[in-house]
Amino acid sequence: MIDIKTAPDPSALGEKLDLFWGLSERKINLIDRDYDEAKGSPVFTIRGKYTTRGWTEWTQGFQYGSTLLHFDATGDENRLLDAKGKILKNMAHHLSHTGVHDHGFNNVSTYGNLLRLMNEGKIPFVEWEKNFYELALRISGAVQASRWTVIKNGGFIHSFNGAHSLFVDTIRSVRSLIISHMLGHVLQGEGDVRISLLERALDHIRATAEYSVYYGEGRDIYDVRGRTAHESIFNVKDGSYRCPNTQQGYSAFSTWTRGLAWAMCGFAEQLEFIESAYATELSELEGKDFLLKLMLKAAEATCDFYIENTPVDGIPYWDTGAPGLEKMGDYLEKPADPFNDHEPVDSSAAAIAAQGLLRLGHYLTGRGDAKNGKKYWLAGLQVLNSLLDKPYLSTDENHQGLLLHSIYHRPNGWDHIPSGSKIPYGESSMWGDYHIREACLYLQRIIREKNYYNYFSFIK
């Protein structure tokens, strides 16, 4: 269980954040110098060098988005120019990519960050550039929304596995629909039918809350409050739910911790959006109060499960039901050990979870729930504090990764196992490197009393 009593004060992390952004600069330079983009998007490292892995194109936005986050945190103009050029050159096909559920990853991380930076006044206002970013985000959200499966009482954005498949990951990608809606866009279907992107986004969020998250209410004998299923399977003939499943976790009835982290971060973000939305806009979509209650229930349950099922330092093992954990004794009562002989940790899950915990803590405190707000806030600080130190922060000058001990796909055996080890460790991922940067930027802005960082408030 995460030890929140020893969590640092945010101001105490200032020195660590300065070191972090210095390392971030070095890692970006290494990738720019040595990675051959003709091979495809960088996904994860092997022996410290980024390589690609054909599955789906979901990480390139994190690569260029990382550069934009670095610019935001440091003001390095060279990073901004570099990112803008590469986004223009390499990201266009992601906008019309109908085969993935990852538009919120690729396109909000790039075009979304550029529009945010412009509207915040951090980069010069150029009208045609603003129009370009907005058009990209409008199209991306509509294309994402077209991956639609109708189920009883709603629908969801289906994964690349097919129309039957709801991934918990997509709770963070659904923001592409909300941004597109906020920019005044709709999806037009057969017969010019106008389809509300907000309605589809909220239906997807509701489906994820109902089917991907457990609440200890007797759904099955493995119904533990707060755990998540990576994948939910539906009968596409009649829209009925069939069963949980997993692609990257140990089993359908255990909890893959990166999937859990996506839920934590995604629901916390969507709480912020719904809180800011006009009640009249939501009145025909079940209402603001209902939606806030639904999302808060999911956010608190998943964050509580993470706190209770993660070692004291806040770094989780890759799956809470991984079979080797039983050989590790009281592993939840001591710091995680990425070098053990049984099961790997997943630092990328921790980076995503840290942001979810911090956002939920901030949200609840703002609503007057100081007790619970403090719990989640301190847990998020503890996770981030651990990630900003050895053995997770990559200080090796030749290692291209920023955050060490990330896991991609344990069941498929895709992660590099060093010589002499029984488990993978020591490698980085593009999503882990992006999300540790995003969590650090989020906290840094709060410490310095800058504009609150989210994905939607910059829309004008």
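**Exercise 1. Which residues form one aromatic cluster with Tyr-408 and Trp-414, and how is the pair Tyr-408 and Trp-414 classed?**

Step 1. Phe-44, Trp-58, Phe-62, Phe-105, Trp-262, Trp-431 and Tyr-434 form one aromatic cluster with Tyr-408 and Trp-414. The model is predicted: local features need pLDDT of at least 70 and side-chain atom pairs pLDDT 80 or more, while totals for chains, interfaces and linings use all residues. Residues are numbered from 1 along each chain as its sequence is written, and side-chain values use heavy atoms, without hydrogens and water.

Step 2. Rings of Phe, Tyr and Trp (its six-membered ring) pair if their centres lie within 6.5 Å; planes under 30 degrees apart are stacked, over 60 edge-to-face, the rest tilted. This rule gives 24 aromatic pairs.

Step 3. In one of them, Phe-234 and Tyr-241, the centres are 5.6 Å apart and the planes 70° apart, hence edge-to-face. For Tyr-408 and Trp-414 the values are 5.3 Å and 55°, hence tilted.

**Exercise 2. Is Tyr-408 buried or exposed?**

Apply the cut-offs: buried is under 20% relative accessible area, exposed over 50%, partly exposed in between (1.4 Å probe, protein chains only). Tyr-408 has 2%, so Tyr-408 is buried. Trp-414, at 13%, is buried.

**Exercise 3. Which residues of α13 meet α14?**

Step 1. Helices (H or I, at least four residues) are DSSP runs numbered from the N terminus; α13 spans residues 288–308 and α14 residues 347–366.

Step 2. With contact meaning heavy atoms within 4.5 Å, Leu-292, Leu-296, Ala-299, Glu-300, Cys-303, Tyr-306 and Ile-307 in α13 meet α14.

Terms used
Axes are lines fitted to C-alpha atoms, for helices over the stretch in contact, and angles run from 0 to 180 degrees between N-to-C directions. Helices (H or I, at least four residues) and strands (E, at least two) are DSSP runs, numbered from the N terminus.
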